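Thank you for passing this one along; my comments follow as numbered points. Please read them with the coordinates open beside you.

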Amino acid sequence: MGAIGIILLVAFVIICILLVCIVLVQNEEGGGMGGLFGGGNSAAFGSRSGNVLTKTTYILVTLFFLSSFGLALINKAPSVKSLDSAVQQEQAGSASEGFWLDEAAASGTAPAEISPAE
């Protein structure tokens with residue numbers, strides 16, 4: 001992940017924190033934490049606080065989705081052109097390494113047996 005990815009990741013975390021805080025502050029029929037700041041009228045943020053908080057929430061949600069799609073595009077795995085070539089490449093890699101149980105049997109060392117508790 002390059003510098004753009006790191007900047008986008010930091011922006012994503014900041015947007016997430018701000019989005020959580022804005023949602024907690026909103027007053028939905030007197031049940032949210034917004035009632036702590038301004039009572040039933042949300043007077044702490046002015047008479048148009050519902051509109052300001054709602055618009056801020058919309059903007060943060062849009063930024064959240066854009067940054068999450070951007071992070072997904074930056075961190076995506078390279079595409080495979082042909083499935084057959086990918087299978088051959090995987091088989092070539094696994095054939096050279098071998099299976100660990102076959103290697104243990106060839107060397108004459110067997111895995112330790114676990115005896116049941118008496």
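1. The largest nonpolar core of this predicted model has six residues, namely I15, L19, I22, V25, L53 and L60. A nonpolar core here is a set of buried Ala, Val, Leu, Ile, Met, Phe, Trp, Tyr and Cys residues joined through side-chain atoms within 4.5 Å, where buried means under 20% relative accessible area, exposed over 50%, and partly exposed in between, with a 1.4 Å probe and protein chains only. At least two residues of this core come from each of helix 1 (3-25) and helix 3 (49-74), and helix 1 gives the largest share, four residues. Helices (H or I, at least four residues) and strands (E, at least two) are taken as DSSP runs and numbered from the N terminus.

2. On conventions, residues are numbered from 1 along each chain as its sequence is written, and side-chain values use heavy atoms, with hydrogens and water left out. Since the model is predicted, local features need pLDDT of at least 70 and side-chain atom pairs count only at pLDDT 80 or more, whereas totals for chains, interfaces and linings use all residues.

3. A pair of aromatic rings is described by the distance of the centres and the angle of the planes. Rings of Phe, Tyr and Trp (its six-membered ring) pair if their centres lie within 6.5 Å, with planes under 30 degrees apart counted as stacked, over 60 as edge-to-face and the rest as tilted; the count by this rule is two aromatic pairs. F12 and F64 are stacked, at 5.3 Å centre to centre and 20° between the planes, and this pair links distant parts of the chain, with F12 in helix 1 and F64 in helix 3, 52 residues apart. F64 and F65 are edge-to-face, with 5.6 Å centre to centre and 75° between the planes. F64 counts as partly exposed because its relative accessibility is 25%, and F65 is partly exposed at 44%.

4. Which residues does S67 contact, leaving aside its neighbours within four places in sequence? They are L8, F12 and I15. S67 lies in helix 3 and is buried, since its relative accessible area is 5%. A11, placed in helix 1, is partly exposed with a relative accessible area of 30%; A11 and S67 are 56 residues apart in sequence, yet their C-alpha atoms are 7.7 Å apart in space.

5. I6, V10, I14 and L18 make a nonpolar surface patch of about 350 Å². V10 lies in helix 1 and counts as partly exposed because its relative accessibility is 45%.

6. As to the chain as a whole, there are five helices and zero strands. Buried residues make up 14% of the 118 residues. Among contacts between residues at least 6 apart in sequence, 55% join residues at least 24 apart. The accessible surface, by the Shrake-Rupley method with a 1.4 Å probe, comes to about 9,500 Å², of which 66% belongs to carbon and sulfur atoms.

Methods. Patches are made of residues with over 30% relative accessible area and no salt bridge: like charges are joined within 9 Å, nonpolar side chains (Val, Leu, Ile, Met, Phe, Trp, Tyr) within 5 Å. A salt bridge is a side-chain nitrogen of Lys or Arg within 4 Å of a carboxyl oxygen of Asp or Glu. Contact means heavy atoms within 4.5 Å.
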